[in-house]
Amino acid sequence: MLTRYRSADAALREMFGCKVYKLALSCAVTCPNRDGSAGTGGCIFCGESGSGEFAEICRSESDVNEAIERAKARVSGKAHAEKYIAYFQSYTSTYMPVEKLRDVLLTAADREDIAALSVATRPDCLPADITEVLREAISRKPLFVELGLQTIREDTAKLINRGYTLAVYDDAVIRLKSIGANVITHIIVGLPGESKEDAVRSAAYAGRVSDGIKLQSLFVLRGTRLADMYESGEYVPLTENEYIDALCDCVKVIPKRVVLHRLTGDPPKRLLIAPLWTADKKRVRAATAKAFEARNIIQGSESTDK
């Protein structure tokens, strides 16, 4: 049976009419799961920079334009884009004073070279005043909001110290959709104690309510609780073949309308402990493409699937 999926590159070209490229930015915020508001220590896999190892830091609202220019310079050798997405990536990007968030987002949105905004955050960090700021930003530029669900299993969520329940995620998605946000959900394959079937169920659940999904394997970074679990033998990472097999099954249950924004992770090599195969992104992509071909999974729009 043929399975079609929508790639991010094709979907973004269709949306904006040209090649666009994400600029990784950081507002130097933290996370309520680190400062004691929702928990301490963060998720067990989260590294020292909160998934923003490659982000340009906006030290203040006035530094947004400078940070965007620095990010453009960083990617200039590999990005041949006409427009950019200002991607506020690290930690919890809505976990800041509401006026600061407003200034940051609207400053970026008002630039001609910025086609859209993207904000990575937590479902429990979207109170009414923050949501209104997001609504205002959407009135100027399209907005992607990324939510780190990772799994629908509540016991796994507690184990990884996620800090919120599935019901909180469900409510956040409904409220974000009501203001016109494009919701992207993160799912991690290979979480401690989870089977391939668990990952597939999480992908299917997220696919029913999301506009986009990011899939990645779990990797072990230095300085994390997961690193301690790995060293003690409590956690054994997936092999490359196990991950790609699970990835194929996840893609098959995701609706064709949903955009796949990521099929593999990009761990910071200086912090990576395991699995080492995740550091070779080109090889993983090639192996994934080969597996997709063998299992009749191809890129294509929903409208082309008869």
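Colleague: How do the residues of the lining of the second largest pocket divide into nonpolar, polar and charged?

Modeller: They divide into eight nonpolar, three polar and four charged. Ala, Val, Leu, Ile, Met, Phe, Trp, Tyr, Cys and Pro count as nonpolar, Asp, Glu, Lys and Arg as charged, and the others, Gly among them, as polar. This is a predicted model: local features need pLDDT of at least 70, side-chain atom pairs count only at pLDDT 80 or more, and totals for chains, interfaces and linings use all residues. Residues are numbered from 1 along each chain as its sequence is written, and side-chain values use heavy atoms, with hydrogens and water left out.

Colleague: Which helix gives the most to the lining of that second largest pocket?

Modeller: α9 does, with three residues. Helices are DSSP runs (H or I, at least four residues), numbered from the N terminus.

Colleague: Turning to helix packing, at what angle do the axes of α6 and α7 cross?

Modeller: The axes of α6 (residues 166-178) and α7 (residues 196-209) cross at roughly 25° and come within 11 Å. Axes are lines fitted to C-alpha atoms, for helices over the stretch in contact, and angles run from 0 to 180 degrees between N-to-C directions. That makes α6 roughly parallel to α7, a term for angles under 35 degrees.

Colleague: Which residues of α6 and α7 make the contact?

Modeller: L166, Y169, D170, V173 and K177 of α6 meet Y205, A206 and V209 of α7, contact meaning heavy atoms within 4.5 Å. These residues divide into six nonpolar, no polar and two charged.

Key: Helix = DSSP H or I, 4+ residues; strand = E, 2+ residues; numbered from the N terminus. Parallel < 35°, antiparallel > 145°, perpendicular 65-115°, else oblique.
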